[in-house]
Amino acid sequence: MSDQSQPRVIPLRPGNVSDGEFEFAKPKPVRRRAKRPAWLPKRWYAHLVLIIACVLVGAPLLYAMLVSTQTNAQVATFTLAPGTSFNEHLNQVMVNRYLGEFMWNSVLLSVAITVGKTILSLTSGLAFVYFRFPGKWIIFGFVLATLMMPTEILIIGLFRFVSGTLDWGGTFQGLVAPFLASATGTFLFRQHFANLPAELSEAAQMDGANPLQFLFRVLIPMSWNTIGALAVIQFIYSWNMYLWPQLIMQGGDFQVVQVGLRSLLAVDTTIAYGPLMLGAVIASIPPVIVFILLQKQFMSGFQITTDK
Amino acid sequence: MIPFELVPWLSAAIPAVLGALVLGVLSAPRVRLIAAAIGALAGGLGGLLLTAPLGFCMFEPERSDIDPWLGVALIALGAGLLIWVGSLLMRVIGGQTDWRTAVMGAETPGLFRRARFTPWVLLTPTLVVLALFLYYPAFDNLRLSTLLARLGTDRTAFVCLDNFAKLFDPRQNYGQTVYATFFIAFFTVVIGLALGLFIAYMAYQPVKGGSIYRTLLVWPYAISPVAAGIIFNIMFNESAGIMNHLIRLGGGTPVQWLQDASIAPWTIIIASVWKSLGFNILFYIAGLQNVPDDLQEAANIDGANAWQRFYYIVLPLLGPITFFLIVTNITYAFFDTYGTIDFLTRGGPAGATSTMIYRLVDNGLNQRDLGLAATQSLVLFAIVILITVVQFRTNGRRVSYGA
């Protein structure tokens, strides 16, 4: 499909989809050379830099883990050994400060947004690639323009609309609904579908499949990498949301973990470093695990728009 | 001074003439007359688009000095927008684009032809969500920016462009906010990219355990800005933080990481760089793996040293990725640092780390001045549009890898 005239998809935040001209691949199978070429840096040298980089990148988290087991007194004396209060902190954070409940809420929120966004992006991608209809480019422009409207910018109007006009303040739907549609996701699937051979849909139509059957039987089974890419981006994005839940959930009883961490700042009159750090570490576990597991899909999402 | 009665006529006539000239000159002689007519119409309507709804209030004689200039800017903005739309229309009329394609989309193989309503059924949920939760709030922001409106009360008063004029008022100190935003964004991008490229250059070649290194480097991307704020808050705490402890061990004087107005922005930058570094490394590695070996080998044979090979071969080939990373890092520094700042410095000390988005939320929801906050969001909107336009323009110039 030639789409030279179409605007190209542009990311607006880390995690969105790009059309950078590159391709992610495992290190290329290098031709075995008798001697290592002189233009490559020496190996020990590379290992040294990499180890130092890993330690520097990892240091804040290691320190956070250390502090999360220590009492304030142990933190103040900079003991570089695990402290004694891990269990106490865990109980304080997860039970007394409801972080366990907040975590569960965050799971519900992230799954709802991720699933909803994926479904809506699949259907609108399908509509843009496999149909002609009057006003197609205008509708496409309507969706495209939302790439330039990050929710953060619209926060005042959005808050007034959702909590005022709709009266959804403090509710789950108020938290989730604004994030269900995604220009990024639509373009990701649009690009992916456009790169698939047209014979697929022709053959499916000859066999009498309707568009939805085509979507479920043919497109989705061929799109797991793209779905994974969108899912990992959206899961991390919605898990890490802070501003919106903070605003819309004021007074609601369904708070998410990022906002719940705020309450740890005031455990007592003085800040208790251990519980606060433990909260930060625990809240980071789900997105980090999802990211590490879906690293390949994450990169493949950026690759889709590359080749025509 | 121009009499106020003439203002509506002038704000339609001047852009109309300009629009007719621009589109007339740009189009082929065959359709020049139609183009000029469309340009005149677009320019005229565009000049009125943003000023007429406000009753041309910014040109009223008793208004402050800056208002007429803001009015001129609004005329230019509206006219530019509609003339651009007109130029798209001219592509259809001028025959560069077939009108059926323009209306219906391209005729491509594999289309589902019989289902006429299906695409609308498929698209409706997306369009409804976008219209309700993005377009309507954007429109509401636009309306609010001309009002004196406070959170929690329904009464509003029309204040013309006073909210915009306020941003230029030295007492509001909005300049400091803009400076802090660009300062933090600039150094986050420069340091993050330089460091990311350096580490990626070491890591991209097939070293043993490459994927383990990669995993150990990229995970901070998934850490939330809030968690990063907490971790760095405790690390950089003045008395109990490990950073000052290390400085004391080294014999230095402890630094007021969060309380000193000239240092606090750097603490934000350090936290931001840490969080985005993995992302940068990941993409630079992907880019470096596409730099063809033979180019470097050839340069090596020609006697280029390591630095020359890097500077003249590798760096230019990484252009597109660098550009992509600059954009993503800028947007990250502009918007996603909110949580980090809220837990590190809360915009302080004395507004030194109050970025535009942080200030917007603070003005709108803590100080309850919705009109001023909405105005600030329009400023941010303009910046985002600018970044996007630059992206589209630059996308044409591509650097290709290999043959």
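**Group meeting talk: a look around a two-chain model**

Hi everyone. Let's start with chain B, which is divided into domain 1, residues 1–106, and domain 2, residues 170–395. Taken over C-alpha atoms, the centres of these two domains of chain B are separated by 39 Å. Please keep in mind that this is a predicted model. Its scores are ipTM 0.84 and pTM 0.84.

How confident is the predictor in chain B? The average pLDDT there is 84, and 97% of the residues score at least 70. Within chain B, helix α5, residues 118–144, has the highest confidence, at 92, while helix α4, residues 99–104, has the lowest, at a mean of 76. Then there is the stretch 396–403 of chain B, where pLDDT is below 50. That stretch still has 13 contacts in the model beyond near neighbours in sequence. A word of caution here: where pLDDT is low, predicted coordinates should not be read in detail.

Now, how do the two chains meet? The contact takes 98 residues from chain A and 99 residues from chain B. On the chain A side, helix α1, residues 43–67, gives the largest share, with 13 residues. What kinds of residues make up that side of chain A? They divide into 71 nonpolar, 16 polar and 11 charged.

Next, the nonpolar cores. The largest one has 166 residues, and those with the most contacts inside it include Met277(A), Ala280(A), Ala203(B) and Ile230(B). Helix α11 of chain B, residues 264–288, supplies the largest share of this core, 15 residues. Let's zoom in on Ile230(B). Which residues does Ile230(B) touch, leaving aside neighbours within four places in sequence? From chain A, there are Leu261(A), Leu276(A), Met277(A) and Ala280(A), and from chain B there is Phe343(B). A second, separate core has 17 residues, among them Ala20(B), Leu23(B), Leu74(B) and Ile83(B).

Finally, two backbone details. As a reminder, most residues other than glycine have a negative phi. Asp167(A) has a positive phi, near 55 degrees, and lies in the loop between α6 and α7 of chain A. Is Asp167(A) buried or exposed? Asp167(A) counts as exposed because it has 10 C-beta neighbours inside 10 Å, and the cut-off for exposed is 12 or fewer.

In chain B, Asn173(B) also has a positive phi, of about 60 degrees, and sits in the loop between α6 and α7 of chain B. With 15 C-beta neighbours inside 10 Å, Asn173(B) counts as partly exposed.

Definitions and conventions
Residues numbered from 1 in each chain as written. Chains lettered and ligands numbered in written order. Predicted model: local features only at pLDDT ≥ 70, side-chain atom pairs only at ≥ 80, totals over all residues. Core = buried A, V, L, I, M, F, W, Y, C linked by C-beta atoms within 7 Å. Buried ≥ 20, exposed ≤ 12 C-beta atoms within 10 Å, placed from the backbone. Helix = DSSP H or I, 4+ residues; strand = E, 2+ residues; numbered from the N terminus. Contact = placed C-beta atoms within 7 Å. Nonpolar A, V, L, I, M, F, W, Y, C, P; charged D, E, K, R; others polar. Domains from an automatic or database assignment. pLDDT = per-residue confidence, 0-100.
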